[in-house]
Amino acid sequence: MSFFNFKGFGRNSKKNKHANNNLANAGSTTPMNTIYSSPHNSNSKLSLRKNHSPSRHSQHSLQQSQQQSSLYGSGNNYNNSSSSPERPESQQVMFLSEPFVRTALVKGSFKTIVQLPKYVDIGEWIALNVFEFFTNLNQFYGVIAEYVTPDAYPTMNAGPHTDYLWLDANNRQVSLPASQYIDLALTWIDNKVNDKNLFPTKNNMPFPQMFLRDVQRIMVQMFRIFAHIYHHHFDKIIHLSLEAHWNSFFAHFISFSKEFNIIDRKEMYPLLPLIENMEYQGKII
């Protein structure tokens, strides 16, 4: 049984409705799409993006390639001693420094929030959470999207030791500007969660065999966007007084991933110091 409807969702569409009350009542948790709600009005940048990023229109051919391929980017880790303006070490110091590293909306851990509620199908629970994570991440990216220009961020990376490469239609790893990579990733995820064959919305329609595999890929791509924002745009999050929302959202995301063993620990390398800090604080268990 499905408790939510993906119809009409996208970065340029209206904000999605709450999940059906039946699912909210099945557990004791607060509906997720209210946890990270912002006091800003509907005209704020936290609304779903109405505009494409600066490089979107110039990447039409790559979007066509994206639709024909498996669309699973890969990450290469390497040391880079060069000093690049798109990789300021101060960003890393900022999100690991006091008081920001302890700032959060939710006190305690997310353990009980991410656990599977009684009488809820595990596929439904995973699908709902993935959809909500995507919704919130899409909104947060809308806050900083105008700053992610190809000139400022010519590669998609998460600090000086991690570059993310996109797998194109010809199964080749290609380096893309961060804005283009993130647009392709979000478009790909949007297509996945709106695919009724993968994320069924009708009663008695089973989840396909590839569901968990695609969920893992979706979550990995979302983690890479988290990592890029933490390493390069955390100052903007702070400027908007959203660090408590952002940190809690990330802790929720990682807690869910750990609960269902979705993302490998090695994939979390760019943000492991932050994750370990949150684990030490008890936010992530």
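Helices (H or I, at least four residues) and strands (E, at least two) are DSSP runs, numbered from the N terminus. The structure here is a predicted model, in which local features need a pLDDT of at least 70 and side-chain atom pairs count only at pLDDT 80 or more, while totals for chains, interfaces and linings use all residues. Residues are numbered from 1 along each chain as its sequence is written, and side-chain values use heavy atoms, with hydrogens and water left out.

With that settled, the overall layout comes first. The protein chain has ten helices and three strands, and reading along the sequence gives the pattern α-α-α-β-α-α-α-β-β-α-α-α-α. Of its 285 residues, 52% count as buried, where buried means under 20% relative accessible area, exposed means over 50%, and partly exposed is in between (1.4 Å probe, protein chains only).

UniProt, in an unreviewed entry, lists His 228 and His 233 under "binding site"; UniProt positions are given in the numbering used here, feature names are shortened, and annotations may be inferred rather than shown by experiment. His 228 lies in helix 8 (residues 211-239), and the place of His 233 is in helix 8 too. His 228 is buried, because its relative accessible area is 0%. His 233 also counts as buried, since its relative accessibility is 0%. Once neighbours within four places in sequence are set aside, His 228 is in contact with Val 148, Tyr 153, Met 156, Asn 157, Ala 158, Ala 178, Ile 182 and His 233.

Helix 8 also packs against the helices on either side of it in the numbering. Helix 7 (residues 178-193) and helix 8 pack at an angle of about 150 degrees, with their axes 10 Å apart. Axes are lines fitted to C-alpha atoms, for helices over the stretch in contact, and angles run from 0 to 180 degrees between N-to-C directions. That angle is why helix 7 is roughly antiparallel to helix 8; angles under 35 degrees count as roughly parallel, over 145 as roughly antiparallel, 65 to 115 as roughly perpendicular and the rest as oblique. Helix 7 passes helix 8 in a left-handed crossing, and a crossing is left-handed if the near helix is turned anticlockwise from the far one by less than a right angle, and right-handed if clockwise. Among the residues making this contact are Ala 178, Ile 182 and Trp 188 of helix 7, along with Asp 214, Met 222 and His 228 of helix 8. By class, the residues of this contact divide into ten nonpolar, two polar and four charged. Here Ala, Val, Leu, Ile, Met, Phe, Trp, Tyr, Cys and Pro count as nonpolar, Asp, Glu, Lys and Arg as charged, and the others, Gly among them, as polar.

For helix 8 and helix 9 (residues 243-259), the packing angle is about 160 degrees, with the axes 11 Å apart. Helix 8 is therefore roughly antiparallel to helix 9. Helix 8 passes helix 9 in a left-handed crossing. The contact includes Met 222, Phe 223, Phe 226 and Tyr 230 of helix 8, and Trp 246, Phe 249, Phe 250 and Phe 253 of helix 9. This contact of helix 8 with helix 9 has 15 nonpolar, two polar and one charged residues.

A few spots in the backbone deserve a look as well. Most residues other than glycine have a negative phi, and most peptide bonds are trans. Glu 98 and Pro 99, however, are joined by a cis peptide bond, with omega about 0 degrees; Pro 99 sits in the loop between helix 4 (89-96) and helix 5 (111-114). Asn 171 is not a glycine, yet has a positive phi of about 65 degrees. Asn 171 is placed in the loop between strand 2 and strand 3 (173-174) and counts as exposed, because its relative accessibility is 56%. Asn 204, not a glycine either, has a positive phi of about 65 degrees. Its loop runs between helix 7 and helix 8, and Asn 204 counts as exposed at 78% relative accessibility.

Key
Contact means heavy atoms within 4.5 Å.
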